[in-house]
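Okay, thanks for having me, everyone. Take a moment with the picture, and then I'll walk you through a few parts of it.

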Amino acid sequence: MNLHHKRISAVVLSTAVLMLLCIAVLNAVCPLPKIYKDGPSTVVTSNDGRILRSFGNAKGVHRYQTAVSNVSPFYITALLDYEDRYFYYHPGINIFSLLRAGYQWAINGKIISGGSTITMQVARLIEPHPRTILGKLRQIWRAVQLEWYFSKNEILTMYLNLAPFGGNIEGVEAAARHLFSKPAKSLNKNEAALLVVLPQKPSAYRPDRHPTLAKKMRNKVLRRLNARRILSTQETNLLTDEDIFLAQPSGKALAPLLSRLLKHQFPEHHVIQTTIDYDLQLRLTKLLSRTADKLPPKTSAAALVINNKQGNVLAYQGAIDFFDADRFGHVDMVRAIRSPGSTLKPFIYGLGFDQGVIHTESLLSDIPTSFGDYKPQNLNRRFIGAVSASTALKKSLNVPAIQVLNSITPEAFDTRLKEANIHLRHKKSNLSVGLGGTGTSLWELAKMYRSLAATGNVSDLHVIPSSTEQATRPLLSEQSSWMVFSILSSISAPDRIIPSTRRKIAWKTGTSYGYRDFWSIGVSPDYTVAVWVGRPDATPLIGFLGATLAAPVMFDIFDLLPRDTHNLRMPDGVEKTRICWPGGRAFSATAPSLCQTQKYAYTIRGITPPTLQSSGYFVTTDSLPDLLREWQRQQQIVTAHDNAPSKLAIIGIRTGQHYFQDQITSISLSTNQHSQPVKWYVNYAPIHNATFDINKYLGETAVTACIKDTCVTETVYIH
């Protein structure tokens with residue numbers, strides 16, 4: 001190499017080194033600003049992508065981080081073709097576009113076309129500048145920096161997240177959610193074309209304010225794509241004829257307390273999709289809003305709706321009105337720890353069935369009883385004496401429930417709950433837990449009651465979709481859970497308008513000590529509905545009950561749900577066994593002289609334990625427990641157990657009940673007088689067997705049983 005060439009090489013090398021040094025100095029003096037300086041925002045959506053609640057970032061801007069792979073491919077194609085066809089080939093600056101834009105500006109005295117690449121647009125978005133020569137130079141420098149530090153896909157991602165779409169909406173994901181109630185990945189071609197052009201003039205092209213101009217600009221994008229042969233002429237004509245269809249905003253956040261909770265639980269997630277059914281949540285919100293006018297002042301309410309099969313939460317209302325400070329709307333009563341009242345009783349009886357302590361018709365003693373230093377009372381301060389387990393549960397009697405809990409022991413009950421991942425809040429297991437002397441939440445109760453429709457197994461509830469199979473833990477056996485469901489589903493609903501969709505609902509109410517919490521939880525084969533009513537500050541509401549405050553709301557919520565698609569089948573191992581009172585044992589194992597009253601009980605594998613003493617021990621003879629017999633003698637209560645005839649009564653049917661032909665076809669008839677022949681009549685016409693055929697009657701229907709000259713009639717209603 002000659003001296004001349006060496007000098008040229010040295011000059012070129014020196015110039016390159018000097019330029020790199022200048023760039024390094026300039027980069028150090030004027031570094032890139034932070035790309036997302038105010039942070040992202042968060043949106044919580046329903047299971048179909050509609051917005052439940054949106055949280056702005058530090059500046060109140062709604063921007064939900066996304067990636068190129070999570071955006072409609074057609075939108076990406078249209079964006080690059082319309083804004084920057086050579087995006088993947090230039091170094092951040094398209095010199096030909098800049099020269100063309102500069103020439104048009106010089107000739108016309110105004111901007112005719114933009115010369116900015118997508119990289120340059122990102123540069124302007126992260127650092128706004130005035131529309132001057134100096135500002136443009138600064139924008140070019142920032143574009144060079146971006147290309148130096150980031151890949152093309154990273155720069156494109158920045159544009160997708162920073163592009164303005166009007167008002168406080170930034171980024172294509174936020175625009176898609178707010179304008180069309182769908183993720184950016186699901187945009188159709190017309191929606192994508194509109195979002196391509198909208199950032200050019202976000203205020204002027206807003207489709208909600210200027211639909212005609214927005215449609216014109218959208219069609220400009222579509223025709224450009226047609227000219228590039230990305231769209232066919234036929235498809236373009238069809239698309240350009242369509243009007244712009246925007247999602248109707250709800251005007252109010254739905255499930256706001258759940259959204260707040262999820263934002264706190266998942267701070268790194270900016271689009272949080274839930275299992276919530278948007279339409280159901282909206283109807284539930286409106287229902288509770290109407291309910292507010294019927295409740296005492298400053299009273300709130302909370303509700304959960306669960307899909308039993310998957311354990312998905314379909315609706316979540318943590319307060320009656322999030323914006324009502326008088327009702328403590330900011331307090332999430334779905335998660336609040338409160339006294340459960342009587343809502344644990346079904347699981348006490350269920351564990352009693354599993355342990356072989358009782359069957360469904362075991363005789364229990366509803367009498368004043370002391371269990372050590374604990375002396376429970378019924379809510380009405382009255383006692384009824386001898387009562388079956390099923391009746392005691394349906395009437396929610398306190399003493400019989402504690403009698404069973406005392407027999408199975410509070411420690412065993414507590415252990416079973418913990419093994420099923422149900423954790424009550426109390427220091428030590430004791431009998432008072434059975435009547436609400438503990439703490440739990442509406443969430444935990446819904447999880448427990450759902451097990452009655454899930455063969456006795458407990459699994460976690462979900463508000464975030466899960467593709468993995470959830471672990472289950474047994475709370476009750478399949479047999480005892482069905483027996484509890486059968487008992488609770490035979491309780492008549494409170495007086496109310498007959499619903500359009502009839503379903504079998506096992507339900508239980510609860511009222512906490514001091515009238516501070518009112519509960520109602522119901523389970524159908526497909527759904528669980530849990531309701532709490534009360535004051536979050538624990539102020540008593542004297543004179544109310546779970547049955548009067550919470551139960552009507554629960555049944556109204558069931559009316560919002562679709563028809564159940566399946567029934568719960570009686571499992572293997574459950575047997576209908578003829579038993580004797582007062583001994584409680586099977587008819588086949590009892591001497592006829594000691595079988596004063598016969599009943600049919602559901603048992604597990606035919607096991608028929610003898611009657612319990614109040615102390616928890618079994619009665620050793622087929623007779624009334626000593627304390628019960630003495631109390632009934634003092635009260636002058638004469639029953640069949642004292643060898644006196646009891647009053648004729650029809651079993652299982654009572655005046656005022658409603659039956660629906662699409663739910664039940666026939667009923668087996670029986671009375672409490674098992675040893676006497678009975679003549680049956682329906683609407684005072686004799687029938688020749690003890691079967692009440694529902695399908696043959698409509699409207700008010702009289703069912704009559706006669707033994708000799710004694711008759712009793714119950715009037716029911718058939719629909």
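Predicted model: local features only at pLDDT ≥ 70, side-chain atom pairs only at ≥ 80, totals over all residues.

Three strands make an open sheet here, in the order 2-1-3, with mixed pairing. At the edges sit strand 2 and strand 3, residues 271–273, and each of those pairs on one side only. From one strand to the next, the twist averages 15°. Now the helices. Helix 11, residues 256–265, packs on this sheet and touches strand 1, strand 2 and strand 3. Its direction makes about 55° with that of strand 2. Then there's helix 7, residues 172–180, which lies across strand 1, strand 2 and strand 3 and runs at about 135° to strand 2.

Let's zoom in on two of those strands. Strand 1 covers residues 42–45, and four bridges join it to strand 2 in an antiparallel way. Together the two form a hairpin with five residues between them. In that turn, look for Gly-49, which has a positive phi of about 90°. If you want to trace the pairing by eye, Val-43 stands opposite Ser-54 in strand 2, and Val-44 has Arg-53 as its bridge partner.

Here's one for you: is strand 2 largely enclosed or largely open? Well, buried means under 20% relative accessible area, and four of the five residues in strand 2, residues 51–55, are buried, so the strand is largely enclosed by the rest of the structure.

Five strands form an open one, in the order 5-4-12-11-10, and the pairing is antiparallel. Its edges are strand 5, at 312–317, and strand 10, at 506–511, each pairing on one side only. On average, neighbouring strands in this sheet are turned by 10° against each other, ignoring direction. Strand 10 pairs with strand 11, residues 517–523, over six bridges; for example, Thr-509 has Ser-520 as its bridge partner in strand 11. And there's a helix here too: helix 20, residues 551–558, packs on the sheet and touches strand 4, strand 10, strand 11 and strand 12. The direction of helix 20 makes about 145° with that of strand 12.

Last stop, two single residues. Ala-193 lies in helix 8, residues 189–197. Is Ala-193 buried or exposed? It counts as buried, because its relative accessibility is 0%. Leaving out residues up to four places away in sequence, Ala-193 touches Arg-218, Val-221 and Leu-222. For a sense of scale, Ala-193 and Glu-411 are 66 Å apart, C-alpha to C-alpha, and 218 residues apart in sequence.

Now for Tyr-86, in the loop between helix 2 and helix 3. Tyr-86 is partly exposed, because its relative accessible area is 45%, and the band for that runs between buried, under 20%, and exposed, over 50%. Along with Tyr-88 and Tyr-89, Tyr-86 forms a nonpolar patch on the surface, about 410 Å² of accessible area together.

That's my tour, thanks!

How values were computed
Residues numbered from 1 in each chain as written. Heavy atoms only, no water. Patch = residues over 30% accessible without salt bridge, like charges linked within 9 Å, V, L, I, M, F, W, Y side chains within 5 Å. Areas by Shrake-Rupley, 256 points an atom, 1.4 Å probe, with all protein chains shown as cover. Salt bridge = Lys/Arg side-chain N within 4 Å of Asp/Glu carboxyl O. Buried < 20%, exposed > 50% of the residue type's maximum accessible area, 1.4 Å probe, protein only. Contact = heavy atoms within 4.5 Å. Pairing = 2+ DSSP bridges. Axes fitted to C-alpha atoms, helices over the stretch in contact; angles between N-to-C directions.
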